[in-house]
Amino acid sequence: MSPFGNRRSLLAFATCLSPAFVLATPLAAPGLNAEGLSRRGNGAKIPCGNAPNIIAGNPVTAADIVVPSQDEGPPLATTDPSGYFPYLWCGAGTSTYVFIDPIGSYGYNKGTDGLIFWSGLDGAYNATQNAMKSRAATGINPPMGDGSIDSSHSTSLTLLVPIGNVTGGDSGVQWVEVFAQDSNHQKLTWGIYGAALTIMKDFVLSFPLYADASYFQINDGKWGTVGNGYVGIGLHTNTTNCYLKGNPTQNTGLICGMPSDYPNN
């Protein structure tokens, strides 16, 4: 059985949780090096890991979604020779798809922290929806309020989602940082970003053993790559640093940021 238990129970709990979110100052990449990490499209016509009969980038319906066996794990996007972004996940009702690269392994309760990452992604999703509602209410692209996540000073968005010890354990994770930015000379929009966050929530819900700090790449239909980013964690022992892997309790490891050689425009 999934460490989450019943999926409906998780949804009910997460709805009650309703994590708050904080808009943070966009972070500059601190010169990280992740050799081989590269922007990718779907020229190889890779199928969706959760909709094996659909080539990613095409519209997906709810009937197309087939969640693979927990025992087998998520299917690998095996045509990637670099080994990065091993999983490709799609979403019903959209042509958006996400390459996911769990890179964490920060040594906590592997498989039991799925709810932490789900809650962080859910808080970020709520932020996108609230932003769209606010935009529409002020007359920006009504009725949906969609548009670029860009501000007058930035082409990226950092969301800090306080969650506390939602598992009731001793993991110490207090907040999740979700970062996204434009990529490939495209503009990441609120609507596509919201769809991507929903897709990543579904991945974590389906395979909590693979829930971890991650890089991700957002693709949308014929446009290919439109954004990329990461999901990292922060602890009560350090309120300023966000970590992707390493040993955060000792303030060591890979601090959150996109690699310096990662294409970001």
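From the N terminus on, the elements of the chain run α-β-β-β-β-β-α-β-β-α-β-β-β-β, and in this predicted model the secondary structure comes to three helices and eleven strands.

**The chain as a whole**
- Of the 265 residues in the chain, 51% are buried, while the accessible surface comes to about 11800 Å², with 54% of that area belonging to carbon and sulfur atoms.
- Among the contacts in the chain with a separation of 6 or more, 70% are between residues 24 or more positions apart.

**Helix α2**
- Helix α2, which covers residues 114-137, has 24 residues and reaches 35 Å from its first C-alpha to its last, close to the 34 Å expected at 1.5 Å a residue.
- This helix is mostly covered, with 17 of the 24 residues of α2 buried, and α2 is followed by Gly139, whose phi is positive, near 90 degrees.

**The disulfides**
- Counted along the chain, the bonded cysteines follow the pattern 1-2, 3-4.
- Cys48 is joined to Cys90 with an S to S distance of 2.0 Å, and this link is left-handed, with -85 degrees about the S-S bond; the pair links distant parts of the chain, Cys48 in strand β2 and Cys90 in strand β4, 42 residues apart.
- Cys48 counts as buried because its relative accessibility is 1%, and Cys90 counts as buried at 3%.
- Cys242 is joined to Cys256, also with an S to S distance of 2.0 Å, and the link of Cys242 and Cys256 is left-handed at -60 degrees about the S-S bond; Cys242 lies in strand β10 and Cys256 in the segment after β11, 14 residues apart.
- Cys242 counts as buried at 3% relative accessibility, and Cys256 is buried with a relative accessible area of 5%.

Note on methods:
Residues numbered from 1 in each chain as written. Predicted model: local features only at pLDDT ≥ 70, side-chain atom pairs only at ≥ 80, totals over all residues. Heavy atoms only, no water. Helix = DSSP H or I, 4+ residues; strand = E, 2+ residues; numbered from the N terminus. Expected span 1.5 Å × (residues − 1). Buried < 20%, exposed > 50% of the residue type's maximum accessible area, 1.4 Å probe, protein only. Contact = heavy atoms within 4.5 Å. Areas by Shrake-Rupley, 256 points an atom, 1.4 Å probe, with all protein chains shown as cover. Disulfide = S-S within 2.5 Å.
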